[in-house]
Every structure is written in C-alpha cells, then in structure tokens.
Amino acid sequence: MSSDIHKHLTIAAPIDRVWAALSDPHIIQQWMGDDQVQVDLKVGGRYTFFGGQTSGRFSHIAAPILLEYTWRQQNWPAAWEDSVVRWELHTEPDGTRLHLIHSRFPNKDERSSHDEGWEMYWLDPMRDWLEHR
C-alpha cells in the first residue's frame, strides 16, 4: 500500500467561497473548465470530474469545514479499490487554509501521478480562479 498524499495551501478567499469551489458543480465547472462536472452533494451522492474520467461518492460532508469522497479513475481495473480524498478547511486571517489528504492508492505509480496532478489540475487552477474573481 502506498503512502498518503498531503497538500497544504492557503487561498486568499473566505471559507464559504472555497467550500463552494469544492462542492458547487457550477463553480467547479468555471474554474476547472469542464462543463460535464456533476455533483450530488449528499452522503452517498455521486460526482464526476474531468469529463467523467474521475468519479466517486461522498462519504462525509460538514460544510464548510470537511468534505470527503471516494476517488476512482475511469481506467482503473475493477479489482482496484477506490482511493479516498479528504478536504479540511480552516479560516485564517489571510483567507482559508486547505489540507488535502488523498489516501488508499492502489499502487506507487498512481500515488506518484496524483501527487503531481493535484497542483496542476486542481489546486493551482482553483486558487487562481478564487483569488482573481
């Protein structure tokens, strides 16, 4: 089993706006540039990101401080278990502090690929969108 990914980021935006950028499909579509984003924000509800390449189900929701869901890439073999993404949000004087924990990777290659991808495809675009709108 591969180790977890931990990412820490401070975004110069209020916690409610950061929460919306993680949970509201219309806002996710804007910063992600993906008009196929779907989000059914309830425990057990499904989501799809990146044109359906990533999907899962919500397991914990405590707005605006905690969001957790399973994470599965479309190309993963059926034998691989879903990984888990957890977002912890905290209000800071200069904005919102995010702690992302991505766990339960099927192997080291997937962990390595996601470690690089989080900044490129999620954290940087979301922060840029939030801080410049």
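Which residues of α1 are buried? They are Ile15, Val18, Trp19, Ala20, Ala21, Leu22 and Ser23, where buried means under 20% relative accessible area, exposed means over 50%, and partly exposed lies in between (1.4 Å probe, protein chains only). The structure is a predicted model, in which local features need pLDDT of at least 70 and side-chain atom pairs count only at pLDDT 80 or more, while totals for chains, interfaces and linings use all residues. Residues are numbered from 1 along each chain as its sequence is written, and side-chain values use heavy atoms, with hydrogens and water left out.

**Helix α1**

- Helix α1 spans residues 15-23 and is mostly covered, since seven of its nine residues are buried; helices (H or I, at least four residues) and strands (E, at least two) are DSSP runs, numbered from the N terminus.

**The largest pocket**

- The largest pocket holds about 230 Å³ of space, a pocket being an open set of points on a 1 Å grid over the protein atoms alone, where a 1.4 Å probe fits, with protein on both sides within 12 Å along at least five of seven lines.
- Its lining consists of Phe50, Thr54, Trp71, Gln73, Ser113, His114, Gly117, Trp118, Tyr121 and Trp122, and lining residues are those that have an atom within 4 Å of a point.
- Both β5 (66-73) and α3 (108-131) supply at least two residues of this lining, and the largest share, six residues, comes from α3.

**Surface patch and loops**

- On the surface, Leu41, Val43 and Ile61 form a nonpolar patch whose accessible area together is about 230 Å²; patches are made of residues with over 30% relative accessible area and no salt bridge, with nonpolar side chains (Val, Leu, Ile, Met, Phe, Trp, Tyr) joined within 5 Å.
- Leu41 sits in the loop between β2 (38-39) and β3 (46-49), and with a relative accessible area of 36% this residue is partly exposed.
- Gln36 is placed in the loop between α2 (25-32) and β2, where it counts as partly exposed at 47% relative accessibility.
- Although Gln36 and Gly51 are 15 residues apart along the chain, their C-alpha atoms are separated by 5.5 Å.

**Salt bridges**

- The structure holds nine salt bridges, each defined as a side-chain nitrogen of Lys or Arg within 4 Å of a carboxyl oxygen of Asp or Glu.
- One of them joins Lys7 and Glu119, with the closest N and O atoms 3.0 Å apart; because Lys7 lies in strand β1 (residues 5-11) and Glu119 in helix α3, the pair ties together parts that are 112 residues apart in sequence.
- Within this pair, Lys7 counts as buried at 12% relative accessibility, whereas Glu119 counts as partly exposed at 28%.
- Another salt bridge brings together the side chains of Asp82 and Arg72 (2.8 Å, N to O), and this pair links Asp82, in the loop between β5 and β6 (83-92), with Arg72 in strand β5, ten residues apart.
- Asp82 is partly exposed, with a relative accessible area of 24%, while Arg72 is buried, with a relative accessible area of 18%.

Note on methods. Points joined across faces, edges and corners; volume = space filled by probe spheres on them. Patch = residues over 30% accessible without salt bridge, like charges linked within 9 Å, V, L, I, M, F, W, Y side chains within 5 Å. Areas by Shrake-Rupley, 256 points an atom, 1.4 Å probe, with all protein chains shown as cover.
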